[in-house]
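Please look through the sequence and the structure shown below before reading on.

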Amino acid sequence: MMGYSYRHDMRDVYHWLCLLTSFSHSVSTLFNYSADPPLFSSLTNISYNVPQTPISSISDDIDVVAEFLKIVAQYEQNKETCKAGTEFNLGEGVIKQYGKNRFKQQALVAVNRANFLTRIWRKAEPEVVNSEYLFYTQVRNIVEGDDEIFAAGNCYDYMEFKDYYLFCPYSYRMEDGRINVKDLSIEYDYLGNTSEFFYSARVNAGKLENFNFTNGTTQFRYNQSDHWETEIDSSITVTYQDGHWSKPYFDCGGGNIWMMTYTVPFFGYKNGTFKFKGTSGIDIALDKVDIDQCPQPDNAKEPNVFAGSARCKPETTKCEPLRGLGFKRGSYKCVCQDGFYFPFMDHPDKYFNGSEIENEYEKKTKGEYNKYDDPFSYQCFMCEPGCVTCDGPSPCVLTLNWVLRSILLAVSILILCGIPLLVWFTFQYRDVKVLKAASPVLMRIILLGAFFLYCPLIVGYFEASVVTCILRFWFREIGFSISYGALLLKTWRISVVFRVRSAQRVKISDGDLIKRLLLITFVCAAYLTARTIAGTPRVAEGKHVNGLKTYQCSSDWWDHSAAIAELLFLLWGVRLCIVVRKAPSEFNESRFISWAIYNETLLSLFLNVSMIFLQDPFPANPDLMYLVIFIHTQLTTTVTLTFLFGSKMYLVYKYRGKGDSNGTHATMLNKSSKPTFNAKHSVNLGSSYSNNANCYNYTDRQDETECESLLEKDIQEEFRRLYTQLETLKQRNMKIGNRHLQHKLSAMTEAAQKESPKNSPSSSPLLNGKRVIINLDLFKESSPL
């Protein structure tokens, strides 16, 4: 070892062999062998039993830790014949890994004792500093006060205590448990460089500027009621960082065991300055130190010579150190890695004991039968999918109800297959009046949006992932903007036409509506792109009511913003539906659109509220959420398609696609269309508004000519109404007897009758550059007398 640092593996075996070789060469100097040849021979064989193996032939299977601990045991067995001193040590790796962390509290006792001795040797009376019993008692008290401390001592420098060459009161525990105190300096000379515990402290004490100085005052007792004058008390002090942990060594002549020592200097005072006087130290028995054979982290600051020598099987287990087992192999346990569980469910300790594993591995190295080579021994079993940790084979993740999901998916696909049939229907019967009035192009766009609205059911069938969450959001919002955007724009066009109560033509073509629909879809796509980039949907982990984990798409403020935007858009549609609720419409299409918008508004509000209770922190259930989405889609999208296409298919197939051109069978007038005057003289204008409203849905030339013909009839109707009113006013005034007003009305009527279209063509109204012929003779004949 000798200060070498080893981390995760034992591949640098060459250095270990060199180390062991140096150990064997040191045996002859560390042991004072007797003249007994057999004993000398046996020790020699033990000491030089390490082969000088070249690096090219080194095997990775050499158990270096075992060889190392064997050397430690050899020195303990022959401690009676060892050479007094501390020359033999094991390197720095052990103490830096354990001493500074575990035994700091014990080391602080030595620090306090060093500061105490510094003050004693500065101010104490001669009879105090000359009392050897005082110093023997101090070191004894240190050992008696802490079972972790094996020994304690205060070793003085050359000629620093009386006229003694060396003086070192030393207290230690004997094998029978009693505490013995003696002067260690009689056993061996610790002034040499080989005594690391003393040498390092003396070197550090040479730099007084590195230590702290404390300033205080002292008031000594003068008599029963007074003190002497206050004296300044300044002294040098040491801290834990000023001390030194030695390398583990075999203390021959002291405790005769393997130990490691913490020493810190204390000072004397002479000629107005402080000077190094000795050391205060404690010894920790090596059997109090636990070997850490687990792999060392890459960022570890302190070396560990035993790191990476554990025999845990890394495929399923990991190493954790065990405390309190002492300086021997197997001071670790092999616990299951995350995602694996201990196979023996009834065993109280859920780990494999390192000592047992080391024993089985030693059998393997000897070629004996062992459990270590069994592929199922000392291995953990894999947890069920989705479990980060587990205690057994029980599942951690809720299993989806694939039967229910498959049924819902099959129904959705079956309904989805009806969309191509509806598209075919709009092409096959595009010349029938019931479809012409509804704008076939817009109907196909609505079907495209409905297709996207069904797609979340297909994507949601699979387990939640980032991709499926993104696709669900895109399909829903794009489908909503296309389908309901087209419906609301159709309603908007009806409301604009309905508000025009004259013969003036307002033309809003399908192309105008498609442009507006593209703008709505573009805004929606921009929002979805921003959400996908800036707030990518994620898979959230939830808990089912039975405690199992579930995974479903997260819901954040992006989703809430989209839901609010949908609701506001639908509320605008509700307002339009209220505006056109009394508008006459052929085939009652505006009424069906209104029902669809009302239905979507109420159900979307219900869905958004219910989703809150299906998300965290409430118990999560992906199957229930999938069912809610399915029901919502059928009650909105499917019902909307039924409203829009059901009545049209009924009329088309009822009359075999031959709708009456005059609207005899197809026209269903709104109940709000009432005559202007009494029953005898009234003219029903409902058909005029209906024709005018539905006329602007046509886009081709043939349909536009038909529209102009209908509008010409509307103008004829308007003049007929005006003429009838004039005649009615005339009859009423004749009864009243107002001859002056009667003459004016008669003049107006005669002027209208005399105004011939042929004689005064410029007086005829124009319709798109064409002149409308008004025949008032027909009005006269039909007017009341």
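This is a predicted model: local features need pLDDT of at least 70, side-chain atom pairs count only at pLDDT 80 or more; totals for chains, interfaces and linings use all residues.

## Disulfides

The structure holds 7 disulfides, including one that joins Cys 312 to Cys 334 with a sulfur-to-sulfur distance of 1.9 Å. The two partners come from distant parts of the chain, 22 residues apart, with Cys 312 in the loop between β9 and β10 (317-321) and Cys 334 in strand β11 (residues 332-336). The torsion about their S-S bond is about -90°, so this disulfide is left-handed. Cys 312 is buried at a relative accessible area of 14%, and Cys 334 is buried as well, at 1%.

Another disulfide is formed by Cys 336 and Cys 380, whose sulfur atoms lie 2.0 Å apart. It also links distant parts of the chain, 44 residues apart, since Cys 336 sits in strand β11 while Cys 380 is in the loop between α9 (354-365) and β14 (381-382). Both of these cysteines are buried, and with -80° about the S-S bond their link is left-handed.

Cys 469 and Cys 553 form a further disulfide, with their sulfur atoms 1.9 Å apart. Here helix α14 (residues 466-498), which holds Cys 469, is linked to strand β16 (residues 549-553), which holds Cys 553, and the two cysteines are 84 residues apart. Both are buried, and the link is left-handed, with -95° about the S-S bond.

In soluble globular proteins, nonpolar side chains tend to be buried together. The largest nonpolar core in this model has 57 residues, and those that touch the most other members are Trp 121, Phe 150, Tyr 156, Tyr 190, Trp 245, Tyr 262 and Ile 282. Among the elements that give two or more residues to this core are the helices α5 (104-123) and α7 (132-144) and the strands β8 (258-270) and β9 (273-285). Apart from this core lies another, of 52 residues, with Leu 416, Leu 422, Leu 457 and Tyr 484 among them.

## A buried arginine

Is Arg 405 buried or exposed? Arg 405, which is found in helix α10 (residues 402-416), has a relative accessible area of 3% and is therefore buried. Leaving aside neighbours within four places in sequence, its contacts include Tyr 461, Phe 462, Asp 623 and Tyr 626.

How values were computed: Residues are numbered from 1 along each chain as its sequence is written. Side-chain values use heavy atoms; hydrogens and water are left out. A nonpolar core is a set of buried Ala, Val, Leu, Ile, Met, Phe, Trp, Tyr and Cys residues joined through side-chain atoms within 4.5 Å. Buried means under 20% relative accessible area, exposed over 50%, partly exposed in between (1.4 Å probe, protein chains only). Helices (H or I, at least four residues) and strands (E, at least two) are DSSP runs, numbered from the N terminus. Contact means heavy atoms within 4.5 Å. A disulfide is a pair of cysteine sulfur atoms within 2.5 Å.
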